[in-house]
Amino acid sequence: MRQANERLAAHAHIRQVSVHNRADVAANAAERAIRVAWNQLLRMIQAGRADVAILLLDEIRYAPMRTILGHLKSLVKWGHASAVKAVKASVPLGSIKRKVKDGSQLGESRLVIDDRRLSAVGDISEALTLTDILAFFRGDEPPDQDIWSLLFPAFTPEQVDRVVFSGNWRDRITAGTKLGDPGELARIISAGLTFGKTHQEIARDLKPHVQGVVASARRVARTECMRVAQDVQMQAHKQLGGLIIGWQVLATLDQHSRPWHAHRNGQVYYLNPKPGQKGMKQRPTPPDEPMDPAERPPGTSRTAWNCRCTLLPVLSDPSEEVLPQSARKVLSDNASSVVPDTLTMGQWFSRAPLRDQKTLVGVKRYNELKAQLGERPSWAHFIDASGQLLPLDRLSNETARQRTVRVETVRKQLAQRKTAQAQLVTFGFIPGKRNNS
Ligand SMILES: [Zn+2]
C-alpha cells in the first residue's frame, strides 16, 4: 500500500494533462463543425434559397452535438483504459487480494465489485461474482481473462451512453442563444430575402446568434470532456471498494482558478467522516460543485464551467491491515523527513506576480486591503474559513482584531491541508489521528 497514493497522484496528474488536450481537441472540432454548416448556410442565402438555408439552421445546432458526442464516446474508452492502467501501476495486487478475502469472510459481496456494474453486464450468467474472484486468487479455477479485466471490466455500450448523456449538455448548447427559437432566425432569413437585403446584410444579422452557439458549444465540449473523464476514473477507482476511505481534491492553481477551488486544494473528504472532517456531501465531483451549497459562494452554479480540479482516492491506512511492526516503524520514522512538493494556494499567491494576484482577488479588493494593512496582503487576508473571497464591504468594515482572528484561522487551515497532502502522497494515508481537515 505504501506509495500507492503517490503513484496514483502522479498518474492522475499526467492523465489530467491528456484530458485537457482532448477537451481542447473536442472544442475545436465542435467549432469547426459549426463553421462548415454556417458556410453552407451562407451559400444558400447567396443563391436565394431561403428554404434550404432555414433547414441548415438545424444543422448549426446539431453538428456540434454530433461532434461532441463522438468525442465523449471515445473519451469514455480512453478514460477507462488510462484509469485502470494507473490503478494497475499503483495499487499492489496483494492489497486487493487481501480485501477480497476479508470481504468474503465478512460476507460483504459488494466490497470489490460494485453491484451496479455487475447487474449492468446484461446477461447475469456472464457477471463476475465474488466466488469467481476468490477462485482466481486461490488458483483453483483460473478464469480466461486476467484479474485486472475481471476487476475493471470495459464499459458496455449502454454504460457508455449512460456516462455520455448524464449531463444535460445538449440543452445547454442552444440555451441562451436565439437558436433555441428557430422561428426567430428563419424570420431573419426569409424577411431579409423578401426585402432585398444583400446576403452580407443577412449574414451580419445572423452572426451574433451563431457566435453564441460557437461559444456555448466550446464551453460544453470542454466541460463535458472533463466530466466524462472524471466520471470514468471514479468508476475505476470505485472498484477498489473497501480499500478507499475517502477522496482528496486537487486543483490547478493559477490566477484563473476559482478562489474556493484553489483554497480547497488538498482537502480530504471521508466516506465515514469523524467530527471535524468533511464527508461526501461536501465533496465536489468536478466539474460539479458539492451537494452542500455552503461549499460555494451563494448564487454560483452547480456546474463549475471549465473546472480543472480532479479527485484522488485516499486508500486505507495500512496499519489497519495486517502490517508487520517493522514496516509500520519505517513509515512513521520517515513521516517528517519526506517533504513532497505540495503547494497550497497561500504559497502560490505569495510567489505569483502582482498582476496575477490582482486578477484572482480583484483589483478593488487588493487595493482596499493594501491600504488597510500598509503592506502587500497575503492570500489568507482575502478569504473566510470556507475559502470564499470576502465581499469588499465586509473587508472594509472589519476591525483589525476581527481580521487577525480570521486570517489566523485560514492560515491554520492551509497548514493542515499542506501536511495532509504531503502525508497522503508519501504514504497513501494520513498517519495517526485522522482529524486533519
Ligand atoms: Zn475547479
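## The core

A nonpolar core here is a set of buried Ala, Val, Leu, Ile, Met, Phe, Trp, Tyr and Cys residues joined through C-beta atoms within 7 Å. Buried means that 20 or more other C-beta atoms lie within 10 Å of a residue's own; exposed means 12 or fewer, partly exposed is in between, and C-beta atoms are placed from the backbone. With that in hand, the largest nonpolar core has 80 residues, and Ile34, Ile60, Ala221, Cys225 and Val228 have the most contacts inside it. Domain 1 (2-102 + 161-313) and domain 2 (323-431) both give residues to this core, so it lies between them; the domain bounds come from an automatic or database domain assignment. As general background, nonpolar side chains tend to be buried together in soluble globular proteins.

## What you're looking at

This is a predicted model: local features need pLDDT of at least 70, side-chain atom pairs count only at pLDDT 80 or more, and totals for chains, interfaces and linings use all residues. Residues are numbered from 1 along each chain as its sequence is written.

The protein chain comes to 17 helices and three strands. Both kinds of element are DSSP runs numbered from the N terminus (helices: H or I, at least four residues; strands: E, at least two). Of the 437 residues in the chain, 37% are buried. Take the contacts (C-beta atoms, placed from the backbone, within 7 Å) with a separation of 6 or more: 74% of them are between residues 24 or more positions apart.

## Ala221 up close

Ala221 sits in helix H10 (residues 199-238). Ala221 counts as buried because 27 other C-beta atoms lie within 10 Å. Skip its neighbours within four places in sequence, and Ala221 is in contact with Ala23, Ala26, Ala27, Ala30, Ile68 and His71. Asn306 is 85 residues from Ala221 in sequence, yet the C-alpha to C-alpha distance is 9.6 Å.

## Two helices with a buried face

Helix H7 (residues 157-165) buries Gln159, Val160, Val163 and Val164. Seen down the axis of H7, these fall within an arc of 130°, so they line one face of the helix; the arc is that of the directions from the helix axis to the C-beta atoms. Turned away from the buried side of H7 is a face with the exposed residues Pro157, Glu158 and Phe165.

Over in helix H14 (residues 354-361), the buried residues are Gln357, Leu360 and Val361. Looking down the axis of H14, the arc is 80°, so these residues line one face too. Their cover includes helix H11 (259-263), helix H13 (345-351) and helix H15 (363-373). Just after H14, Gly362 takes a positive phi of about 95°.

## The sheet

The three strands make an open sheet with order S2-S1-S3 and antiparallel pairing. Strand S2 (268-270) and strand S3 (310-315) are the edges, each pairing on one side only. From one strand to the next, the twist averages 30°. Pairing takes at least two DSSP bridges between two strands.

Strand S1 (residues 244-250) is mostly covered, with five of its seven residues buried. S1 and S3 pair in the antiparallel sense over six bridges: Ile244 stands opposite Leu315, and Trp247 has Pro313 as its bridge partner. Three bridges join S1 to S2, also running antiparallel, and there Gln248 has Val268 as its bridge partner.

How values were computed. Two residues are in contact if their C-beta atoms, placed from the backbone, lie within 7 Å. Axes are lines fitted to C-alpha atoms, for helices over the stretch in contact, and angles run from 0 to 180 degrees between N-to-C directions.
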